[in-house]
Amino acid sequence: HQLGQIFKDIWVAIPFKSFLGYSGNVSSLAQIWGEVNNCRNQIMSTVGQSYYYFGALFSPLLSCVLIQISRKCQKRIYDVDNALLSAAYIYLMIYSIATPFIYNLCIYLHALLQRIIFIFILAYFAPCRLSDIDSAQK
């Protein structure tokens with residue numbers, strides 16, 4: 001039951017599902033939690049979701065993965081020479097570090113699939129080298 005809910009949460013986060021031919025309604029864990037607790041204006045944190053998915057022993061797993069993603073992004077920021085790619089790493093780093101405490105998995109996946117991946121694609125096709133910007137200012 002819990003593993004099936006993880007896939008439902010990932011499915012809810014996929015943008016433009018109507019293009020994939022899907023028109024049904026799937027509830028995420030955050031929506032179910034809001035309905036059961038009668039608190040539709042509050043969100044369930046990633047720690048709470050992870051506790052539901054993995055139980056008490058492995059509940060920090062998802063938070064640790066997100067913090068590791070943030071640490072890797074922080075290291076990559078200084079290694080790239082592309083301004084857009086650097087901005088994408090900063091954006092991913094901020095979302096990854098804030099998600100365990102402020103957001104939940106669905107919000108993180110929405111940001112990743114709707115914004116951050118497009119910034120990475122744009123950075124790949126429109127290189128904006130920091131060394132070119134620096135030499136133009138001199």
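The entries below go from the whole chain to its parts.

**Basis.** I worked from a predicted model, in which local features need pLDDT of at least 70, side-chain atom pairs count only at pLDDT 80 or more, and totals for chains, interfaces and linings use all residues. Residues are numbered from 1 along each chain as its sequence is written, and side-chain values use heavy atoms, with hydrogens and water left out.

**Whole chain.** I looked up the secondary structure and found 7 helices and 0 strands; helices here are DSSP runs of H or I with at least four residues, strands are runs of E with at least two, and both are numbered from the N terminus. I noted that 33% of the 138 residues are buried, where buried means under 20% relative accessible area, exposed over 50%, and partly exposed in between (1.4 Å probe, protein chains only). Of the contacts (heavy atoms within 4.5 Å) with a separation of 6 or more, I recorded 60% between residues 24 or more positions apart. The chain exposes about 9000 Å², with 64% supplied by carbon and sulfur atoms; accessible areas come from the Shrake-Rupley method with a 1.4 Å probe, and for residues only the protein chains shown count as cover.

**Helix H1.** I checked the length of H1 (residues 2-13): its 12 residues should span 16 Å at 1.5 Å a residue, and the end C-alpha atoms, 17 Å apart, agree with this. The expected span is 1.5 Å times one less than the number of residues. I then listed its buried residues as Gln5, Ile6, Asp9, Val12 and Ala13. Seen down the axis, they fall within an arc of 125 degrees, so they line one face of H1; the arc is that of the directions from the helix axis to the C-beta atoms. On the other side of H1, I found Leu3 and Phe7 exposed. The cover over the buried residues of H1 includes H2 (29-36), H3 (46-58) and H6 (105-125).

**Tyr52.** Tyr52 and Ile6 lie 46 residues apart in sequence and 9.7 Å apart in space, C-alpha to C-alpha.

**Surface patch.** I found a nonpolar patch formed by Phe54, Leu57, Phe58, Leu61 and Val65, with about 490 Å² of accessible area together. H3 and H4 (61-77) each give two or more residues to the patch, and H3 gives the most, with 3 residues. I placed Val65 in helix H4 and noted it as partly exposed, at 42% relative accessible area. Patches are made of residues with over 30% relative accessible area and no salt bridge, with like charges joined within 9 Å and nonpolar side chains (Val, Leu, Ile, Met, Phe, Trp, Tyr) within 5 Å; a salt bridge is a side-chain nitrogen of Lys or Arg within 4 Å of a carboxyl oxygen of Asp or Glu.
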